[in-house]
Amino acid sequence: MYVLSIVLNFIPGVYVSLFATGGWPSTIGFLILNTLWLITTVLGYKFIKIKNILRHSQWITRSFFLSFANLTIYIIVAVTHNGLDLSYGLSYTTAVWLCWIINFAIAEMVIKKKILA
């Protein structure tokens, strides 16, 4: 169900990206997010099918953290727009890029911690 929901989200996600607040910079950020989310999920699925549990765990961890990107956008916009008084457009565009960068970085830290444990 998880894999299917992300695969089915890809096409409408790309379409909605074209109309993102902030113009092309936001559109590109969303396209990267959608592509990363799809690729990490497909790789996670691929590795579980060949019973490579370690690689599956690493890729699904990345996919799982990218699933929180939308929530992260709201948090970043609230902090930058309301807290730092940046314009909404700039706050939103910044959030679109930081949402996947931050979540991907957290996933990498979690993966690294598991490897070192």
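How do α2 and α5 lie relative to each other, roughly parallel or roughly perpendicular? I will take that first. Please keep in mind that this is a predicted model.

Helix α2 covers residues 24-49 and helix α5 covers residues 88-116. They pack at an angle of about 20°, and their axes are 8 Å apart. Angles under 35 degrees count as roughly parallel, and α2 and α5 are therefore roughly parallel to each other. The crossing of α2 past α5 is left-handed.

Now the residues in that contact. On the α2 side we have Pro25, Ser26, Ile28, Gly29, Phe30, Ile32, Leu33, Leu36 and Thr40. They meet Tyr92, Thr93, Val96, Trp97, Cys99, Trp100 and Phe104 on α5. Sorted by class, the contact of α2 with α5 holds twelve nonpolar residues, four polar ones and no charged ones.

Next, α5 and its other partner on my list, α3. Helix α3 is residues 53-66. The axes of α3 and α5 come within 8 Å, and the two cross at roughly 150°. Here the crossing is right-handed. From α3, the contact uses Ser57, Gln58, Thr61, Arg62, Phe65 and Leu66. From α5, the residues include Trp100, Phe104, Glu108, Ile111 and Lys114. The class count for α3 with α5 is nine nonpolar, four polar and three charged.

Then the core. In soluble globular proteins, nonpolar side chains tend to be buried together. In this model, the largest nonpolar core has 15 residues. Phe30, Leu33, Ile73, Tyr92 and Cys99 are those with the most contacts inside that core. The elements giving two or more residues to the core are α2, α4, which is residues 69-83, and α5. The largest share, five residues, comes from α5.

Which residues does isoleucine 73 touch, leaving out those up to four places away in sequence? They are Phe30, Tyr92, Ala95, Val96 and Cys99.

Leucine 54 sits in helix α3. Is leucine 54 buried or exposed? The cut-off for exposed is over 50% relative accessible area. Leucine 54 has 56%, so it is exposed. As for distance, leucine 54 and valine 79 are 25 residues apart along the chain, and their C-alpha atoms are separated by 36 Å.

Key:
Residues numbered from 1 in each chain as written. Predicted model: local features only at pLDDT ≥ 70, side-chain atom pairs only at ≥ 80, totals over all residues. Heavy atoms only, no water. Helix = DSSP H or I, 4+ residues; strand = E, 2+ residues; numbered from the N terminus. Buried < 20%, exposed > 50% of the residue type's maximum accessible area, 1.4 Å probe, protein only. Axes fitted to C-alpha atoms, helices over the stretch in contact; angles between N-to-C directions. Parallel < 35°, antiparallel > 145°, perpendicular 65-115°, else oblique. Left-handed = near helix turned anticlockwise from the far one by under 90°. Contact = heavy atoms within 4.5 Å. Nonpolar A, V, L, I, M, F, W, Y, C, P; charged D, E, K, R; others polar. Core = buried A, V, L, I, M, F, W, Y, C linked by side-chain atoms within 4.5 Å.
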